[in-house]
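Subject: Predicted model, handed over with notes

Hello,

Here is the structure I said I would pass on. Please look at it first, then read the notes below it.

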Amino acid sequence: MENSRSPAESLSSGGDLPSRTTGFVSSKEFYQRQRNRLCRRAVRDSAESSEDCQHPPSVSVPTVSTGHPISPLASPADPCASQPDEDQAEAESRTFHTAVQAMLSYEAHSMAVLERLRECWSLLPAHHKSILPDYEAHHSQLVRCVEQNQCFLKKISGLHESGDSPSSSDAPAELRGGCSHQRSHPLASETDLDKVRTTLRQLVRDWGAEGDAEREQCYTPMLNELDSFFASATDKAKLRVLVPGSGLSRLAYEVAKRRYSCQGNEFSFHMLLVSDYLLNHCSSRSKIFPYIHQTSNVMGREDSIRGVEIPDELPRGLTLAKGQEFTMVGGDFLEVYRTAEHAGKWDAVMTCFFLDTARNPLEYVETVHHLLAPGGVWINLGPLLYHFAEMRSEVSVELSLEELKASIQKLGFRIEREKLQQS
């Protein structure tokens with residue numbers, strides 16, 4: 001996980017949010033301004049009933065729409081929020097452009113990797129080549145797949161950055177061919193490029209038809225719990241649901257489809273850029289090839305070049321109900337939401353594969369309790385594969401399931417239902 005970011009400045013603007021438009025916090029503007037899975041439903045203890053917390057939002061979320069009109073906004077409670085540190089703003093802007101550059105650099109680096117593999121294949125003895133399928137034909141197919149992926153990524157990066165993608169000649173020396181290990185400074189780091197490749201794979205899970213089974217296993221039980229808890233609600237648009245660590249925004253989108261007002265929160269620039277495109281700009285499906293970079297444990301060559309159409313449904317087709325909001329906010333969960341303006345303002349928090357991303361999971365638990373209105377509900381699903389467990393330079397508090405459950409209750413929750421789900 002990357003380092004935390006500072007909260008955004010709230011921007012004010014008039015105008016109503018059109019029914020087919022999702023409000024979105026642009027990551028660029030935001031940052032420039034500041035397998036066992038546990039499914040659990042925990043309720044914040046209160047003498048009030050759950051019906052008492054079915055209120056309309058009293059504070060509009062800080063929202064910047066990308067390419068669409070934006071909803072009315074309130075000024076931030078903290079006057080310092082509108083005066084971001086210039087050095088911090090510059091650092092955030094640089095990080096944003098790094099993510100965009102990684103998308104623009106995808107083809108150059110990928111082609112260079114393919115060329116390296118091709119040259120290594122050419123070094124095989126002739127009698128080894130004779131017993132293997134022709135590599136040149138497969139190489140040509142991989143090249144076409146890379147080009148298709150770059151076309152898709154340009155649709156996203158083009159919304160934020162002009163200019164052409166770098167050519168393969170600009171790639172670092174260690175990728176331009178041959179099996180040498182000479183080093184130079186790349187246009188985008190391998191870490192950022194790996195995030196791009198990871199995002200392509202995660203698009204299959206969240207927005208491809210192939211990911212439907214996993215979404216059914218993960219998202220559907222959470223959504224059913226949400227509906228069950230608010231079964232007596234007469235106006236779901238008045239119920240505010242927060243989805244931290246929303247990734248590519250599919251769970252948040254599914255919550256909005258069920259007529260709840262929903263806000264997703266995500267830290268990764270790469271995820272935010274793709275979410276922005278899917279929610280606000282995407283008008284047709286694209287075919288991507290997310291498996292071409294996997295060379296280990298591959299059954300056959302056809303598996304590597306298998307294409308996936310995304311999205312399986314177009315989010316822009318979603319029509320919001322009267323009074324319903326659907327927004328995305330970029331930034332570190334703790335820094336954005338551990339503020340007075342969010343205290344008790346949320347009726348539900350839904351976390352999926354999120355709790356173990358914390359250095360100290362109890363900070364997440366405390367923040368969720370801080371966010372929920374009395375009688376509100378927290379629905380969590382995910383493993384305890386602590387992200388920082390193998391990083392000796394990072395703080396990592398790794399609790400057992402029993403320790404975590406006990407702590408959750410001591411911090412003010414009542415666990416109503418839990419289930420261990422085999423993956």
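Phenylalanine 353 sits in the loop between strand E7 (346-352) and helix H11 (361-371). Helices (H or I, at least four residues) and strands (E, at least two) are DSSP runs, numbered from the N terminus.

Before the rest, two notes on how to read the values. This is a predicted model, in which local features need pLDDT of at least 70 and side-chain atom pairs count only at pLDDT 80 or more, while totals for chains, interfaces and linings use all residues. Residues are numbered from 1 along each chain as its sequence is written, and side-chain values use heavy atoms, with hydrogens and water left out.

Backbone and loops

Phi of phenylalanine 353 is near 55 degrees, which is a positive value in a residue other than glycine. Its relative accessible area is 26%, so phenylalanine 353 is partly exposed. The scale is this: buried means under 20% relative accessible area, exposed means over 50%, and partly exposed is in between (1.4 Å probe, protein chains only).

Serine 249 also has a positive phi, near 75 degrees, and is not a glycine. This serine lies in the loop between strand E2 (240-244) and helix H7 (250-257). Serine 249 is buried because its relative accessible area is 0%.

The loop between E5 and E6 holds several items. Proline 311 is placed in that loop, and a cis peptide bond joins isoleucine 310 to proline 311, with omega about -5 degrees. Aspartate 312 is in the loop between E5 and E6 as well, and is partly exposed because its relative accessible area is 25%. Glutamine 324 is in the loop between strand E5 (308-310) and strand E6 (326-330). Is glutamine 324 buried or exposed? With a relative accessibility of 5%, glutamine 324 counts as buried. From C-alpha to C-alpha, glutamine 324 is 7.0 Å from lysine 238, and the two are 86 residues apart in sequence.

Helices

H4 contains 23 residues and reaches 32 Å from its first C-alpha to its last, close to the 33 Å expected at 1.5 Å a residue. The expected span is 1.5 Å times one less than the number of residues in the helix. At the N-terminal end, aspartate 134 caps H4, with a side-chain oxygen 3.3 Å from the backbone nitrogen of alanine 137.

For H5, the 18 residues should span 26 Å at 1.5 Å a residue, and the end C-alpha atoms are 25 Å apart, so the two values agree. H5 also has a kink of about 25 degrees, centred on arginine 201; the bend at a residue is the angle between axes fitted to the seven residues ending there and the seven starting there. The buried residues of H5 include Leu193, Val196, Arg197, Leu200, Leu203, Val204 and Trp207. An α-helix has 3.6 residues a turn, so residues three or four places apart point the same way.

In H6, two residues are worth looking up. Threonine 220 is in helix H6 (residues 212-229) and counts as buried because its relative accessibility is 18%. Its side chain makes a polar contact with the side chain of glutamate 216, at 3.2 Å. A polar contact is a pair of N or O atoms within 3.5 Å; within protein, one must be able to donate a hydrogen and the other to accept it, and residues adjacent in sequence count only if both atoms are side-chain atoms. Arginine 215 lies in helix H6 too and counts as buried at 6% relative accessibility. The side chain of arginine 215 reaches the backbone oxygen of arginine 205 at 2.8 Å.

Serine 110 belongs to helix H2 and counts as buried, since its relative accessibility is 5%. Its C-alpha atom is separated by 9.6 Å from that of leucine 142, which is 32 residues away along the chain.

Regards
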